[in-house]
Amino acid sequence: MSILETLQPSRFLSFAIPNPDPTLSPSLASPLIRIAVLDSPIQPSSPLIPSVAAMIVPKHRESDWIFTTESGHLQLLLSSPNIQRLILIGQEQQPIINGSSSSSIYRRWIDPDSLNNLEISLKPLVIALSPKIYFRNVNLEVPFLCYEDNIVCSLVLEKCIGNFVGEMLVEDVEIDVSDQSREFRRRLRFKRMPNLVQTEIRIVPNKVSCLDSVDIGSNSIEFSPDLGLLVHVYLVPMVASLALIGSCIEKHVESGLRPKALCLGVGGGALVGFLKTQLDFEVVGVEVDEEVLRVARKYFGLEDGDLVQVHVGDGMEFMDRLAHGDVVGNIVPQFDVIMVDLDSNDPRNGVSAPPIEFFRRDVLLAARSVLRESGIFVINVIPRSRSYYEKLIHEFREVFPELYEINVGNVENFVLIAAKALPCSSSSSDSENKFLTKLRLAISGAYMDSINRIGDASN
């Protein structure tokens, strides 16, 4: 293919060709195979021979957006240092139908000999898809990379399309854990951010005495959501931020007031359910896509009721309506905490959060006005850069005098906490504070002692 003889930064091509030998391997047993080629947007600093690599898409993950979208492919390429062209080879995927499910179960490749034979058979194809300059030194070897993550096996439960978020899927997975026990999760993922797990919860098999007999996809085994545990890495520190106002919440509870939270971005509802079931919060959730809420109710245990109200709409607009006195149901806009878990919704910038609209002064003023005097505004932040994060802090400081942060410790996430005033003091010790005791038990004390005040930049 002459178009692929040279590198072109950020070029992405995807096409299907007849399978030269469908009988060679069960991983490529379909009549057609799908080829995807991506050239890195990052140019080498010197005109050296470019690095080229290939990767075989794991069987039954051919429709996974990590392998079928440009943004997913880009993430794979950028996670492979110094590769200028990445070639993916897999079976042709089936079209997505709204509400469809798949019975295909992915399991890790466990036959290295078969894999090696497959790589040998694909060598001529990979050479043909490589840039000519790659063979300047008569190098006819293109390395095959192995895709690795913590998924042992997975099963797609449903694929559907939301009016706002677009294509999404629900999947059950078994993941690797360090102590050799078995761990099962349910995930919600959006195609627009294929490498991002939007919601993840633990699931437990029903009526099973021994986990050794559990198999994802078995018709005889059903799983139930475990709402008592937060597994998404940044949700625990978001909840831990409540330690700042634990004394204030305790005073409200003693006076007969239930603590209240406003959650902007419900997704599968893991945070909403945890605040209600583990910390006895009254929760108002706002989710922009009604189809996401349907999925959350069906698969993730989200329940509306006396203590949980879920509204469909834009979170910032909803907050603005409350701030201006609009009557929304029976909501009294006096929240102890506002928690924001919204991504940027722009895959061109990679994964980042929150949306840039949260920089706006009117949004921050609206948030401040619907909080109690002791309330806090908690945001999951995935900064595009350090300057992005510093700009966010600067804008928040214009409205909120007290800022705190928790470094999640995964390189990506920070939890930013904005307060209207200094945390209220308590005459009782933490051991006598029933709310703080409940909070510590609910999250095993994680991150409660890792809340750091952000000093004034002028000091």
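Reader: How many helices and strands are there in the protein chain?

Author: Please keep in mind that this is a predicted model. The protein chain holds 11 helices and 19 strands, and of its 459 residues 49% count as buried.

Reader: What is the general idea behind a salt bridge, and how many salt bridges does the count come to?

Author: Side chains of opposite charge can pair when their charged atoms come close. In this model the count comes to 29 salt bridges, and one of them joins the side chains of Asp39 and Arg85, with 2.6 Å from N to O. Asp39 belongs to strand S2 (residues 32–39) and Arg85 to strand S4 (residues 85–91), so this pair ties together parts that are 46 residues apart in sequence.

Reader: Are Asp39 and Arg85 buried or exposed?

Author: Asp39 is buried, with a relative accessible area of 1%, and Arg85 also counts as buried, at 0% relative accessibility.

Reader: Which residues are linked in a network of salt bridges?

Author: The network links Glu183, Arg185, Arg187, Glu200, Arg202 and Asp226. Within it, the side chains of Glu183 and Arg185 meet at 3.1 Å, N to O; Glu183 is buried at 10% relative accessibility, and Arg185 is buried at 12%. Asp226 forms a salt bridge with Arg202, their closest N and O atoms being 3.9 Å apart. Because Asp226 lies in strand S11 (residues 223–226) and Arg202 in strand S10 (residues 197–205), the pair ties together parts that are 24 residues apart in sequence. Asp226 is partly exposed, with a relative accessible area of 21%, and Arg202 is partly exposed at 27%.

Terms used. Residues are numbered from 1 along each chain as its sequence is written. This is a predicted model: local features need pLDDT of at least 70, side-chain atom pairs count only at pLDDT 80 or more; totals for chains, interfaces and linings use all residues. Side-chain values use heavy atoms; hydrogens and water are left out. Helices (H or I, at least four residues) and strands (E, at least two) are DSSP runs, numbered from the N terminus. Buried means under 20% relative accessible area, exposed over 50%, partly exposed in between (1.4 Å probe, protein chains only). A salt bridge is a side-chain nitrogen of Lys or Arg within 4 Å of a carboxyl oxygen of Asp or Glu.
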